[in-house]
Amino acid sequence: MSLPCHVTRSFLLSLLFVSIATSASASASVFSEDEETQISHFQQYLRIRTAHPDPEYTSAASFLLSLADSIGLQTLTLEFVPNKPLLLLTWLGSDPSLPSILLNSHIDSVPAEPDKWVHPPFSATRDPATGHIYARGAQDDKCIAIQYLEAIRSLKKSGFTPLRSIHISLVPDEEIGGADGSMKFVQSEEFRKLNVGLVLDEGQASLSDEFRVFYADRLPWRMIVKATGSPGHGSRMYDGTAMERLMDCAEAIARFRDCQFDMVKAGIRPASEVISVNPVYMKAGTPSPSGFVMNMQPSEAEMGFDIRLPPTVHLEQLMERINKEWVPAYKNMSYTLIKTGPARDCNGKVLLTPANESNPWWPVFKQAVISSGNKLAKPEILSSTTDARFMRALGIPTFGFSPMASTPILLHDHNEFLKDEVFVKGIKVYESIISALSSFKLASSI
Ligand SMILES: [Zn+2]
């Protein structure tokens with residue numbers, strides 16, 4: 001049947017309207033009342049200013065303790081350093097003698113520059129069009145603290161009982177090295193008593209639809225190179241100046257850096273699996289009232305490098321390279337290496353957690369993520385450093401995992417956000433992970 005032209009046009013227009021209205025509503029997710037409460041808890045936590053240099057730890061602790069109370073978890077506040085509370089929350093298993101699961105998250109965050117943000121960084125503004133929740137700490141790593149808690153709340157509500165105990169540690173000072181937080185915690189009697197079998201700590205967002213998981217952190221080293229040489233007039237060409245020697249060192253390091261970077265650019269290795277060496281400062285010259293004396297070659301020069309090493313790296317080979325190629329002593333150069341943390345665990349093993357069948361926790365974790373309807377990317381080494389290194393140093397298997405797929409990596413960046421939908425989905429993922437890991441019966445020794 002054919003329709004008159006004007007009828008056809010209005011019919012098509014109405015169809016178009018329906019189609020636009022449908023696609024608009026499809027882009028905004030609809031959440032249940034419980035999910036809206038979960039999102040609201042996340043926003044409340046984000047609004048507490050726990051950014052350095054003056055994190056509001058006390059307010060954060062009382063907020064987190066009240067959430068833990070509302071779930072019925074056991075709580076313990078440890079204070080290894082005054083005014084730096086570390087919260088330990090426990091859901092006791094039916095067999096507390098089994099090695100437990102520890103879910104770790106740091107309370108602090110890096111500072112933010114409010115004028116560079118589209119919404120104030122401690123407002124936790126939720127954009128109604130996109131669902132993005134903007135706040136410092138949204139990805140790094142306040143999301144996981146609330147996801148742990150809400151996943152446990154949901155599991156408890158469903159009547160689930162864990163076999164092994166589940167602990168959550170909420171720790172201060174990760175962003176400034178963890179010396180007054182996780183480092184002291186893992187050395188404490190309280191930690192020892194937890195009999196931790198597996199730790200989950202923070203990971204990073206993933207641009208793809210696969211979650212990322214990290215089995216090691218790179219080792220952070222700092223290298224300060226000092227060169228000395230004969231001073232002289234700026235017009236003279238002569239050998240053995242401090243600057244010339246330092247430039248030789250910088251060139252040798254730049255060549256090495258290029259080789260490492262080329263492997264990343266060619267896709268041969270991920271960035272976290274090469275040695276990165278980046279110059280971070282240079283100090284030389286003779287100061288003058290207007291800047292520096294320009295007609296004088298200085299007798300001393302110094303340069304600082306940030307070095308990050310995959311834990312699998314051959315340390316002896318690297319030391320040989322430093323001594324022979326980068327900073328040879330015969331060239332009147334010396335260096336200081338500052339190694340923040342050990343390269344091996346307490347058993348003398350490389351500081352990493354096997355992400356394969358040799359680790360009985362791994363298949364359980366992996367299957368739990370898949371069972372929740374999600375994908376897991378190939379396990380990676382994390383480019384930077386987290387508190388996980390303290391647990392790995394004790395020989396405790398530790399994975400870095402933050403369930404944020406299809407999300408730009410915005411940790412420490414302006415306009416850090418997490419989409420509400422991604423946050424809520426993460427709670428379901430942890431429900432699957434916690435129930436699987438807490439029910440898992442290990443064969444023997446661990
Ligand atoms: Zn973090």
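Reply: The centres of domain 1 and domain 2, taken over C-alpha atoms, are 38 Å apart. This is a predicted model: local features need pLDDT of at least 70, side-chain atom pairs count only at pLDDT 80 or more, and totals for chains, interfaces and linings use all residues. Residues are numbered from 1 along each chain as its sequence is written.

Me: Into which domains is the protein divided?

Reply: Domain bounds come from an automatic or database domain assignment. Here domain 1 covers 33-213 + 355-439, and domain 2 covers 219-339. Five residues from domain 1 and seven residues from domain 2 make the contact. Two residues are in contact if their C-beta atoms, placed from the backbone, lie within 7 Å.

Me: How do I read a sheet? What is the order of the strands in the open sheet of three?

Reply: Helices (H or I, at least four residues) and strands (E, at least two) are DSSP runs, numbered from the N terminus. Two strands pair if DSSP finds at least two bridges between them. In this open sheet the order is β4-β5-β21, with antiparallel pairing. β4 (125-126) and β21 (417-419) are the edges; each has a single partner strand, so one side of each lacks a neighbour in the sheet. Two bridges join β4 to β5 (residues 132-134). Arginine 126 sits opposite isoleucine 133 in β5.

Me: Which helix packs on the sheet?

Reply: Helix α11 (residues 420-439) does, touching β4, β5 and β21. Its direction makes about 70° with that of β21.

Me: How do I describe two packed helices?

Reply: Use the angle between their axes and the distance between the axes. Axes are lines fitted to C-alpha atoms, for helices over the stretch in contact, and angles run from 0 to 180 degrees between N-to-C directions. Take α2 (residues 33-46) and α4 (residues 142-157): their axes come within 10 Å and cross at roughly 140°. The two are therefore oblique. Angles under 35 degrees count as roughly parallel, over 145 as roughly antiparallel, 65 to 115 as roughly perpendicular and the rest as oblique.

Me: Which residues of α2 and α4 meet?

Reply: Gln38, His41, Phe42, Tyr45 and Leu46 in α2 meet Lys142, Cys143, Ala145, Ile146 and Glu150 in α4.

Me: At what angle do α2 and α11 pack?

Reply: At about 105°, with their axes 10 Å apart. α2 and α11 are therefore roughly perpendicular to each other. Glu35, Gln38, Ile39 and Phe42 of α2 make the contact with Asp420, Phe423, Val424 and Ile427 of α11.
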